[in-house]
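Subject: The structure we talked about

Hello,

Here is the structure I promised to pass on. Please open it alongside this note.

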Amino acid sequence: MTSRFVIIGGGPAGTEAATSAARLGAEVTLIERDILGGAAHLWDCIPSKTMIATGEMIDEVASAQGMGLTPANCEVDLDALRKRVVGIESILERQKRTLLDSQGVNIVHGTGRIADSHVVVADTAEGSLSFEADSIMVCTGSSPRIPDWATPDGRQILTTRDAYPPPTLPEHLVVIGSGVTGVEFVSMFASLGSRVTLVVSRQHVLPGKDPEVAGVLEDAFVEKGVRLLKGARAVDIEQSPDSVLVKCDDGRLVEGSHALLAIGSVPNTPGLGLEDVGVEMDGPWVRHLDHHMRTNIEYIYVAGDISGKLPLSSVATMQGRKIAEHVMGLHKIGHRHLDYDKAASAIFTDPEIADVGLAEADAFAEGRKVRVTKVPFAASAKALINNDPTGFVKMISDPATGVVLGGSIVGRSAAELISVIAVAVTNGLTTADIAESILVHPALSEALREAAE
Ligand SMILES: Cc1cc2nc3c(=O)[nH]c(=O)nc-3n(C[C@H](O)[C@H](O)[C@H](O)COP(=O)(O)OP(=O)(O)OC[C@H]3O[C@@H](n4cnc5c(N)ncnc54)[C@H](O)[C@@H]3O)c2cc1C
């Protein structure tokens with residue numbers, strides 16, 4: 001019998017699950033209320049990285065003299081930038097649709113909810129459609145968290161979703177939140193030419209990341225003229241016609257032209273009918289998920305940001321694939337559970353930051369013996385050719401076996417280079433496996449081989 005699989009939410013989790021399950025022979029319906037590719041394409045990964053790429057170009061042009069060129073200046077054209085963001089999103093959506101169509105996935109434009117046991121309803125412009133399902137996957141993503149002391153207006157008080165780009169380039173942007181999203185927006189707007197102040201609730205940016213890595217980023221921010229307001233928690237924003245005043249819990253005040261909230265996100269689970277069919281919830285979060293991302297109701301799966309695991313597009317995609325395999329019984333043939341501790345992640349700041357696996361600070365905190373090797377890009381021929389010797393590669397391995405346990409990279413192309421360490425960590429490769437690979441010369445990846453020596 002064909003398995004009827006209904007998915008609510010067409011982000012990275014939903015589209016990957018849909019194509020994987022359809023390829024394996026399921027009859028798949030995918031319900032999406034907005035665009036295929038999800039918030040990842042419309043609001044998060046793609047628009048933010050598109051804007052960051054423009055900022056990087058401005059920085060590169062500004063450093064043209066170091067490449068033997070006459071210095072030049074770039075003017076930001078917000079309308080052209082907005083068109084570029086929308087253009088990339090449309091290309092990606094078309095590609096997703098073509099792929100899903102080619103696999104025979106039934107794409108429904110509407111808002112989905114679980115209406116009854118094994119029944120999903122999609123509210124569409126033409127009315128409600130009902131689908132019977134053997135398995136249901138819910139992957140509706142998350143939305144920016146708005147504190148009760150701020151009212152975003154898309155003009156002066158922004159969430160990340162208002163920033164691609166905002167109607168006017170902020171003269172002075174106050175970014176609230178110094179996690180991954182906050183620091184990316186700091187880097188982006190500083191490169192685009194805004195004055196930026198970052199409100200950092202702790203003593204360092206990027207809580208939970210390698211302090212050495214966070215230190216390099218803070219130095220780069222200070223060099224770019226970013227003001228860091230440390231140990232300050234924003235508690236209020238006062239708005240006047242052309243300025244905002246951010247108030248902190250210790251009495252400090254920061255005046256700017258715009259404020260941007262980057263203080264996390266909340267899952268899009270209300271209204272999905274999960275509790276009504278017996279899924280146990282803790283507020284907006286699903287209480288139980290097994291290794292296969294199944295809730296306590298065994299035919300209902302949850303993936304992506306609402307799963308409460310790592311909120312990354314790459315993780316959502318992999319969860320979607322694993323769920324499709326489980327729905328189609330493929331997990332019985334040879335299945336690896338997702339190991340979130342081995343997920344690579346990157347922060348697209350200047351300099352770029354990426355890490356995977358065991359962090360040096362965590363190894364020391366656990367009293368675990370590790371070998372840590374660090375190679376600065378200043379020693380790399382390619383980094384000198386690029387006129388960009390900032391940063392380093394750090395590799396962490398087991399001193400007894402040589403097995404690679406983790407690593408962090410700061411510097412140009414860190415997000416690409418970390419893949420080598422990620423493959424090693426996931427597959428239990430040793431430093432010798434990397435050191436004995438013949439890599440390209442001259443290339444930044446040579447620093448990885450040296451760190452593995
Ligand atoms: C500013 C920012 C930048 C980011 N950059 C990166 C990055 O560079 N790399 C990375 O890996 N991660 C990044 N992330 C995280 C990443 O965007 C999320 O982890 C990812 O989008 C989660 O995928 P998802 O499938 O859970 O949901 P989403 O991408 O949020 O998609 C969910 C979809 O469900 C739809 N939906 C919701 N409710 C319903 C309903 N009832 N019926 C029908 N459809 C519904 C929504 O319209 C949406 O399209 C970033 C996040 C932010 C905030």
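Predicted model: local features only at pLDDT ≥ 70, side-chain atom pairs only at ≥ 80, totals over all residues.

Residues are numbered from 1 along each chain as its sequence is written.

**Domains**

The chain is divided into domain 1 (4–143 + 266–333), domain 2 (157–263) and domain 3 (351–452); such bounds come from an automatic or database domain assignment. The centres of domain 1 and domain 2, taken over C-alpha atoms, are 28 Å apart. Where they meet, 14 residues of domain 1 are in contact with 11 residues of domain 2 (contact: C-beta atoms, placed from the backbone, within 7 Å). On the domain 1 side, α3 (45–62) and α4 (78–102) each give two or more residues, and α3 gives the most, with eight. By class, that side has nine nonpolar, two polar and three charged residues. Here Ala, Val, Leu, Ile, Met, Phe, Trp, Tyr, Cys and Pro count as nonpolar, Asp, Glu, Lys and Arg as charged, and the others, Gly among them, as polar.

**Two helices**

Helices (H or I, at least four residues) and strands (E, at least two) are DSSP runs, numbered from the N terminus.

Gly-193 follows α5 and has a positive phi, near 115°.

**Around the ligand**

The ligand is surrounded by 34 residues, and the closest are Gly-9, Gly-11, Gly-38, Gly-141 and Gly-304 (near: C-beta atom, placed from the backbone, within 6 Å). Elements that give two or more residues to this shell include α1 (12–23), β2 (27–32) and α7 (313–327). The shell has 12 nonpolar, 16 polar and six charged residues.

**Cores and strand β22**

The largest nonpolar core has 76 residues, and Val-175, Ala-259 and Ile-418 are among those with the most contacts inside it. A nonpolar core is a set of buried Ala, Val, Leu, Ile, Met, Phe, Trp, Tyr and Cys residues joined through C-beta atoms within 7 Å. Another core, of 42 residues, lies apart from it and includes Ala-13 and Ile-136.

Which residue of β22 is 6.2 Å from Ile-418, C-alpha to C-alpha? The answer is Ala-354, which sits 64 residues away from Ile-418 in sequence. Ala-354 is buried, with 25 other C-beta atoms within 10 Å.

Gly-357 also lies in β22 (residues 353–357). Gly-357 is buried too, with 23 other C-beta atoms within 10 Å. Leaving aside neighbours within four places in sequence, its contacts include Asp-341, Leu-405 and Val-425.

Happy browsing!

Conventions. Buried ≥ 20, exposed ≤ 12 C-beta atoms within 10 Å, placed from the backbone. Contact = placed C-beta atoms within 7 Å.
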